[in-house]
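This report concerns aromatic ring pairs and surface charge in a predicted model.

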Amino acid sequence: MANTPNSTPVCAQPHHNGSSHLHQPHHTATPHHHSGRMAPEDKRERRMEPDPYIKGVAPPINQWDKNHSAALGGYGFINSCLQSLVMERFGQDTWDKLSSLPGVQDTFMTYTVYDDILTLRLVEEVCSLLDVSADVFLKLFGEHFFNFCKQAGYDTMLRTLGGNLIEFIGNLDALHSYLALSYQEMNAPSFRVEMTDDGKMLLHYYSDRKGLHPIVPGIMEAVAREFFDSKVTMVVLNQSEEDERTGKKEHVVFLVKQINQVQKTIDQDYPSHKGVGICACFYMYCIYTICTMCVSLFVPQEEFLKSMKDRYVSLAEKKSGWDLIRAVVLTEKGSHQCTFRPCYPDKLWMEEKAFCNAFPFHIVFDEDLKIRQTGVNIQKFVPGLQARDAALDQYFTVIHPQVTLTIESIRKFINSQFVLKNYNDQHSMLKLRGQMLWMDSLGCMLYLCSPKLRSLKELQDVGLHLADLAPHDVTRDLVLLNQQRLAEMELTNQLERKKEELRILSHHLEAEKQKTETLLYAMLPRHIANQLKDGKSVKAGEFEVCTILFSDVVTFTNICAACEPIHIVHMLNSMYSKFDRLTNIHDIYKVETIGDAYMVVGGVPVPTETHAHRVANFALGMRIAAREVTNPVTGKPIQIRVGLHTGPVLAGVVGEKMPRYCLFGDTVNTASRMESHGLPDHIHLRTSTYSELKDAGFNIQQRGQIEVKGKGHMTTYFLLGNLLASEESIMGREVGKSLYMEVLDDQRKPGEEEKIHSTPPPLQTLSNTYLQMTSCMDIIVHEDSCLTSAVNLSITTVNKKSSETILDVIPPPP
């Protein structure tokens, strides 16, 4: 467990001047008295009737002592546990809502100290979000905290703390002391088990804050269920401010009822002999008969029979019959079960000097705290102890547990590990850690201790050397091992910080990648762009039928000659933004823009039966949108010419430096001629397009035959409107209504990817429509379309005779 950097055992979560599980008590777990009975001075603590004011319910979270906790902080492990609980029990969405709060992170680093207000705020928010009471959630947190510690690597260590729940709680003190070596700012909570005269078990819980005691039942119930196969219920008997310790501490007394699952099974099988059972009575009688000799030789019969009964209960489910009797009577090595009784010598065969040298750090003091005896090394570092009338409280103060330095307080917490600090010496600040032993015949207390050290640096700071520690003292090994442990913790902390930095960078990189892909998909079809990203070559594809549209602005040359370039940019930007929106509404592909020329295609790159219908509706929408754009010269709405043609094309990616998805074929030229030979504010189309639209509800007027440059005489038509669709539908302003009923998946060619359409960000943010005014000007559009620079602009030398010249850049097929 020492090598588990991201974990902290149950009831021992390290906090900066704080506690485990959400609160910061300054005490350590305290085991029960050896006798199993409470001392006479302890009886005044116990109040068996529940306090009518408490009733076992935590106060509202807004009553927690947040002013006190603001000065404290907790290690990241506790916040990680809270995050794990919310995500596992209530879902990722709930945590996402919590993490959106100011100051809340997605991840927490184990050895980083966070403001404790953050943890309390998270608990308050999750209770409000889930509409649960504070005590219910805190109890759930306590159970999850225990499991979280097990999963983090502390399972084996926790299982070895004790053979039953009382021993487990009693040995938490040693576990907290060990963890404090790694978590320097840790102050664990304090627990003390008390067995009353009538056999009831009381758990005393000490904390720095009020209202967080519901966490304790959650932890203890999980420990009993997981480790000891028993069920525990805990009821609050009393809750008051602690008067035994320095400072104001909350003292909560729980009545603990533990039901062993094996005992419960026996009671269910033999209800007439509850607790023992018929067979149990017979077996115990046999055991009593067989072991009479053993009992008479070693221990009293009552004590022995109790031991045999306990052993029987523990083995009842595993064995039966004579196998059970044999297992109860005999040990694992085959000898008879007998209670051990130690043998003490008549006198102590040890010299005074040898004792003081063997235990160089020990103190013997009487009831008045007068020092009677000390070890040799403690005298060297605290010379004042050699004085005849030296008192313990003149040189030392109690750091842990936080009790007043009196014989009565020490005897009450006799099973705790005591930490004393030499406060007179401002340079060394020597701290001692050890156990107290009361010698009743002498009326004195023996404090067997050793220096409390975390690292070799602390060893040097107090002026000690390893040679000053007794060879049998494990402090030597502990200092060396913890030195390595601290180095590992520092390395782990650095790795966690680097991991968090990489996570943030990865998040930013993903955001930038999304922007880049959005810009790329605005320039090329999605499946074509994906192939280019994968380094694959894109082959040209032939489309048997599609509909192409060209448009340009009427008198655009005159507009360019009569106004500033910035006005042209704003006009085109406004018009193209509206057109781009319509391409998404009607699901057609925008090929390119050249100056004032705008080119789109329906049925490419994803074939569709309604290609002509989509382009026709788009053309009607273009005409409506163009009326919303103002001519910077006249101040009136601009007029556009639109031309459509339907036929086969060849499509492919052209170029490497700035690849474009281009269309080739006579259909492109014919569509261009339809636009150039059209009339202002009219949609001009060819016979092939008319054939696709004539039975689809469109209002079409025949223009007749006209002379088309390079094509001869052609019969053409004007598209006037859509009789089946309103203007709002064509402009995409009717929510939830679609003009097209076909399923595109059925029309997609094998191997072609589905084209995912999403409304792109405005032109200003993506600059996806770069304007090239051929032979006229090169314009750089700034991101916010407010700053524009014109390069090589010469309005007076405009050589654009007509829009036809611009469209002739797409050559016809050979």
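## Tyrosine 589 and tyrosine 661

With a relative accessible area of 5%, tyrosine 589 is buried, since the limit for that class is under 20%. Tyrosine 661 is likewise buried, its relative accessible area being 4%.

## Aromatic pairs

A pair of aromatic rings is described by the distance of the centres and the angle of the planes. In this model, the count of aromatic pairs comes to 18. In one of them, the ring centres of phenylalanine 579 and tyrosine 598 are 5.2 Å apart and the planes stand at 75°, so the pair is edge-to-face. Phenylalanine 579 belongs to helix H22 (residues 565-586) and tyrosine 598 to strand S16 (residues 597-602), and the pair links these distant parts of the chain, 19 residues apart. Phenylalanine 579 is buried at 1% relative accessibility, and tyrosine 598 is buried at 0%.

The rings of tyrosine 589 and tyrosine 661 also form a pair: the centres are 5.6 Å apart and the planes lie at 85°, so this pair is edge-to-face. Tyrosine 589 is in strand S15 (residues 589-594) and tyrosine 661 in strand S18 (residues 660-664), so the pair ties together parts that are 72 residues apart in sequence.

Ring pairs also join Phe77, Phe141, Phe145 and Phe148 into a cluster.

## Surface charge

Glu367, Asp368, Glu408 and Asp440 form a negative surface patch. Of these residues, glutamate 367 is located in the loop between strand S8 (362-366) and strand S9 (371-374).

Definitions and conventions:
Residues numbered from 1 in each chain as written. Predicted model: local features only at pLDDT ≥ 70, side-chain atom pairs only at ≥ 80, totals over all residues. Heavy atoms only, no water. Patch = residues over 30% accessible without salt bridge, like charges linked within 9 Å, V, L, I, M, F, W, Y side chains within 5 Å. Areas by Shrake-Rupley, 256 points an atom, 1.4 Å probe, with all protein chains shown as cover. Salt bridge = Lys/Arg side-chain N within 4 Å of Asp/Glu carboxyl O. Lys, Arg positive; Asp, Glu negative; His and termini not counted. Charge placed at Lys NZ, Arg CZ, Asp CG, Glu CD. Helix = DSSP H or I, 4+ residues; strand = E, 2+ residues; numbered from the N terminus. Phe/Tyr/Trp six-rings, centres within 6.5 Å; stacked < 30°, edge-to-face > 60°. Buried < 20%, exposed > 50% of the residue type's maximum accessible area, 1.4 Å probe, protein only.
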